[in-house]
Amino acid sequence: MAANVDPPKKPCHNCRRQRLRCDRSYPRCNKCILAGKECLGYGQLFRWTGAVASRGKFAGKTSLASGEDAGGTETYRDSPATPASSESWTLSSGAPSPAGGDHNLQLVHAMSAPAEEVPGPWALTDPLLQDLSQPYRYYLSYFTTRVCKDLVSYDLPDNNPFRALLPLTKSQPLLQHILVSTSAAHMSVMLRAPLPSTFRGDGKESYPSNEVAARVAANDSLVAKQKALQLMHHAVQNIEVVGPDVVLAAALFFINVELLESGKHGWRAHLEGAGRIMSLLPPGNAANESLRDYMLSDCFIYYVLGSAFSPPKSATFAHFRPDRLPTTLKRAAANSYLCCPPEILELLYEASQLSGAPEDDKATAEEALALIGRAQEFDVQAWAEDLHKDPHFSSIPVQSRVHTASAHSLAACLYASRAAPAAGARLGEEATGQLNRELIQHLASVPDEDPNFKATAFPTFIAGAEAKDPETRAWIMDRLRRLVFWCPWGFLYTAMDTLPVIWSLEEDGKSQRGWIQTLRDPELNFLIV
């Protein structure tokens, strides 16, 4: 088992040379990726002397320098040209290039060669992946180095089960296409996301000049998704031949693609399909039990959060069994991306079932108040400390989990109070306002650089829906913008578009229904995770 990797203590070599503020993402700096540059990383640099460059503007030239000149570059002279790769492929100006440098970090290693030979810069270590096209190798590399980070709470070496999907992509075209679609969609949102430095004082943001590259990535995602959809029907009809875990993974990532695009409409059909596949899974007998646990957990998380804003008594999720909720979620709770105790998710689901009852229903109010009491009695500190019993997570700060889980717990309380309006009336606006102030305090204690920052989207949205004053609303919108930068998923834009709709209800005097009842409109149909 590989040792835990500590965050880099110094900027990457590129940012250090240019005297820029580095985000110190491991293994590559996101600022370099956004700028379309090859990040040189954080370790010691080794350079060839007298080597021939095989690509770029110095292709065919030989280095004269044994180090760097004052400008931080090498000096080249003419030499017999080395043929450029016929497979080179570039997204567009301003985008990371699939043909460049060490983007295939998880798939390649530096080649060794005799001194008299000029080596190619990289070679695939896994022969199963040699025949893939350059764009597909690039997107699959991006999946391992970037997308996988968003799928767990802490991306520890050799402890992210989603990377186990990569070796299956050669023999499973369905999985290959849907993972490429996911990666390309993620990159498209990332290229459009505003950098923190571009936020303007008027509450709007200016965007970096990556629109063309973002459109290319979005188109690549759509093409790959269409290919995956064509294969999905056959896979479902032949689930035993294709493999139930492969089909479940495809269904899960179809949902993820929808969440990356906008989180509206399309996710629902894929989630129902995932539920049907889950009902066909044989107990145990999984090639990778950890991977199956995380996939099942994610599907149940989407089921719970989807139920929060679905029409009451909806038959959409007919294949999900609520009685499996606690045990399924607990198996992957230690490193689930949501960093939410399964007990709190179970409470949230129970609260979602209360919506739709008459506003003056006393029994419903009592149920909601009982759920709020259970949430407040739950020992978040003990839950967070349990993680340290696993040696993989012994060095992870406990307080980050405490604040994130507490934010989810308070969000569930606020949700229950609004799902059953009679319960909210019993609590009173002062009590619900205090709950929201505590929620915002916990959110503020999870900074942008914290790995669990990405897990705060749902409680941030709930806090925004409850926000009354302009200053708090502005703070919520700014946090959602920063979430897009650190966790580029399109459903965050949908959340930012939806909050002003909720706020306008109060301004127009139409808030009698309550904002949860408004969001349960089938026409809205969105998912925030």
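**Exercise 1. Placing A249**

In which helix is the place of A249? Work out also whether A249 is buried or exposed, and which residues it touches beyond its sequence neighbours.

*Solution.* Keep in mind that you are looking at a predicted model.
- Step 1: Find the helix. A249 has its place in helix α7.
- Step 2: Check the cover. The relative accessibility of A249 is 0%, so the residue counts as buried, the limit for buried being under 20%.
- Step 3: List the contacts. Setting aside neighbours within four places in sequence, A249 is in contact with L165, L175 and M295.
- Step 4: Take one partner further. M295 is 46 residues from A249 along the chain, and their C-alpha atoms are separated by 6.8 Å.

**Exercise 2. The chain as a whole**

Describe the chain: how many helices and strands are there, and what share of the residues counts as buried?

*Solution.* 
- Step 1: Count the elements. The chain has 20 helices and four strands.
- Step 2: Turn to burial. The chain has 529 residues, and 53% of them count as buried.
- Step 3: Ask how far apart in sequence the partners are. Among contacts with a separation of 6 or more, 68% are between residues 24 or more positions apart.

**Exercise 3. The nonpolar cores**

Find the largest nonpolar core and say which residues have the most contacts inside it.

*Solution.* 
- Step 1: Start with a general idea. In soluble globular proteins, nonpolar side chains tend to be buried together.
- Step 2: Apply it here. The largest nonpolar core has 132 residues, and F162, Y302, F309 and F461 are those with the most contacts inside it.
- Step 3: See which element gives the largest share. That is α7, with 13 residues.
- Step 4: Zoom in on F162. Not counting residues up to four places away in sequence, its partners include F143, L151, L252, F253 and M295. D298 is also among the residues that F162 touches.
- Step 5: Look for a separate group. Another core, of eight residues, lies apart from the largest one, and V380, W383, V398 and A455 are among its members.

**Exercise 4. Two partners of α11**

Compare how α11 packs with α14 and with α12: what are the angles and the distances between the axes?

*Solution.* 
- Step 1: Two packed helices are described by the angle between their axes and the distance between the axes.
- Step 2: Take α14 (residues 398–419). Its axis is 9 Å from that of α11, at an angle of about 10 degrees. This makes the two helices roughly parallel, since angles under 35 degrees fall in that class.
- Step 3: Name the residues. From α11 come I344, L348, A351 and S352, and from α14 come H408, S409, A412, Y415, A416 and A419. By class, seven are nonpolar, three are polar and none is charged.
- Step 4: Take α12 (residues 362–377). Its axis and that of α11 come within 10 Å and cross at roughly 170 degrees. The two helices are therefore roughly antiparallel.
- Step 5: Name these residues too. I344, L347, E350 and A351 of α11 meet L371, R374 and A375 of α12. Five of the residues are nonpolar, none is polar and two are charged.

**Exercise 5. Covered helix, helix residues**

How many residues of α17 are buried, and what are the accessibility classes of S297 and L222?

*Solution.* 
- Step 1: Inspect α17 (residues 457–466). This helix is mostly covered, with 10 of its 10 residues buried; F461 and E466 are among them.
- Step 2: Go to S297 in helix α9 (residues 289–308). Its relative accessibility is 1%, so S297 counts as buried. Leaving out residues up to four places away in sequence, S297 touches T328, L329 and A332.
- Step 3: Finish with L222 in helix α5 (residues 211–237). At 46% relative accessibility, L222 counts as partly exposed.

Technical notes
Residues are numbered from 1 along each chain as its sequence is written. This is a predicted model: local features need pLDDT of at least 70, side-chain atom pairs count only at pLDDT 80 or more; totals for chains, interfaces and linings use all residues. Side-chain values use heavy atoms; hydrogens and water are left out. Buried means under 20% relative accessible area, exposed over 50%, partly exposed in between (1.4 Å probe, protein chains only). Contact means heavy atoms within 4.5 Å. A nonpolar core is a set of buried Ala, Val, Leu, Ile, Met, Phe, Trp, Tyr and Cys residues joined through side-chain atoms within 4.5 Å. Axes are lines fitted to C-alpha atoms, for helices over the stretch in contact, and angles run from 0 to 180 degrees between N-to-C directions. Angles under 35 degrees count as roughly parallel, over 145 as roughly antiparallel, 65 to 115 as roughly perpendicular and the rest as oblique. Ala, Val, Leu, Ile, Met, Phe, Trp, Tyr, Cys and Pro count as nonpolar, Asp, Glu, Lys and Arg as charged, and the others, Gly among them, as polar.
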